[in-house]
Amino acid sequence: MSEDVRLVAWVRGRVQGVGFRWFTRAKALELGAVSGFALNLGDGRVQVVAEGPRPRCEALLDWLRDGDTPGRVDGVTEIWDTPRGGYDGFAIR
């Protein structure tokens, strides 16, 4: 079994108003065993918090960087941490 992790990613580019959060949620649900949320930030970025098995969170991060996302991703910054829990599925905030 792989360890559970917490991924916090900030996605820069044209990622608001294009369905980015919805598609991120759909990808997390497709991967399975990933909980968290996607949130629009005031500076135009989208913050993604995902908790679950490391390989699935890494797959979500790869998709954020290079996947078939709506809009345009100019860059992604991430940090890894221990899971905090408390999420019921994957939400759009």
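Analyst: Start in the middle. The largest nonpolar core has 20 residues, and Ala9, Val11, Val34, Val48, Leu60, Leu64 and Phe90 are the ones that touch the most other members. A core here is a set of buried Ala, Val, Leu, Ile, Met, Phe, Trp, Tyr and Cys residues joined through side-chain atoms within 4.5 Å. Two or more residues come from each of β1, α1, β3 and α2, and α2 is the top contributor with five. (Helices are DSSP runs of H or I with at least four residues, strands are runs of E with at least two, and both are numbered from the N terminus.) As a rule, nonpolar side chains in soluble globular proteins tend to be buried together.

Some bookkeeping before going on. This is a predicted model, so local features need a pLDDT of at least 70 and side-chain atom pairs count only at 80 or more, while totals for chains, interfaces and linings use all residues. Numbering runs from 1 along each chain as its sequence is written, and side-chain values use heavy atoms, with hydrogens and water left out.

Now zoom in on Ala9. Skipping residues up to four places away in sequence, Ala9 touches Val46, Gln47, Val48, Leu61, Leu64, Val76, Thr77 and Glu78, where contact means heavy atoms within 4.5 Å. Gln47 counts as buried because its relative accessible area is 16%; the cut-offs are under 20% for buried, over 50% for exposed and partly exposed in between, with a 1.4 Å probe and protein chains only. Gln47 and Thr77 are 30 residues apart in sequence, with their C-alpha atoms 9.7 Å apart.

β2 (residues 35–40) pairs with β3 in the antiparallel sense over six bridges; pairing takes at least two DSSP bridges between two strands. Across this pair, Phe37 stands opposite Val49. The two strands form a hairpin with five residues between them, and Gly44 in the turn has a positive phi of about 95°. β2 also pairs with β5 (residues 90–92), this time in the parallel sense over three bridges, and there Gly36 stands opposite Phe90. Ser35, also in β2, is buried because its relative accessibility is 17%. Beyond its neighbours within four places, Ser35 contacts Val49, Ala50, Glu51, Tyr87, Gly89 and Phe90.

In general, side chains of opposite charge can pair when their charged atoms come close. There are eight salt bridges in the structure, each being a side-chain nitrogen of Lys or Arg within 4 Å of a carboxyl oxygen of Asp or Glu. In one of them, Arg6 meets Glu51 with the closest N and O atoms 2.7 Å apart. Arg6 is in β1 (residues 4–14) and Glu51 in β3 (residues 46–53), so this pair ties together parts 45 residues apart in sequence. Both Arg6 and Glu51 are buried.

Another salt bridge joins Lys27 and Glu30 at 3.1 Å, N to O. These two are three residues apart in helix α1 (residues 20–31), so about one helical turn separates them. Lys27 is buried at 18% relative accessibility, whereas Glu30 is exposed at 59%. Arg45 and Asp43 form a salt bridge too, at 2.8 Å, N to O; Arg45 is partly exposed at 27% and Asp43 exposed at 51%. Elsewhere, salt bridges with shared partners join Glu3, Arg54 and Glu58 into one network.

Trp22, Phe23 and Ile92 make a nonpolar surface patch of about 310 Å². Patch residues have over 30% relative accessible area and no salt bridge, with nonpolar side chains (Val, Leu, Ile, Met, Phe, Trp, Tyr) joined within 5 Å and like charges within 9 Å. The areas come from Shrake-Rupley with a 1.4 Å probe, and for residues only the protein chains shown count as cover. Ile92 belongs to β5 and is partly exposed, at 37%. Back on α2 (residues 54–66), Asp62 is partly exposed at 47%. Its C-alpha is 9.8 Å from that of Val76, 14 residues away along the chain.
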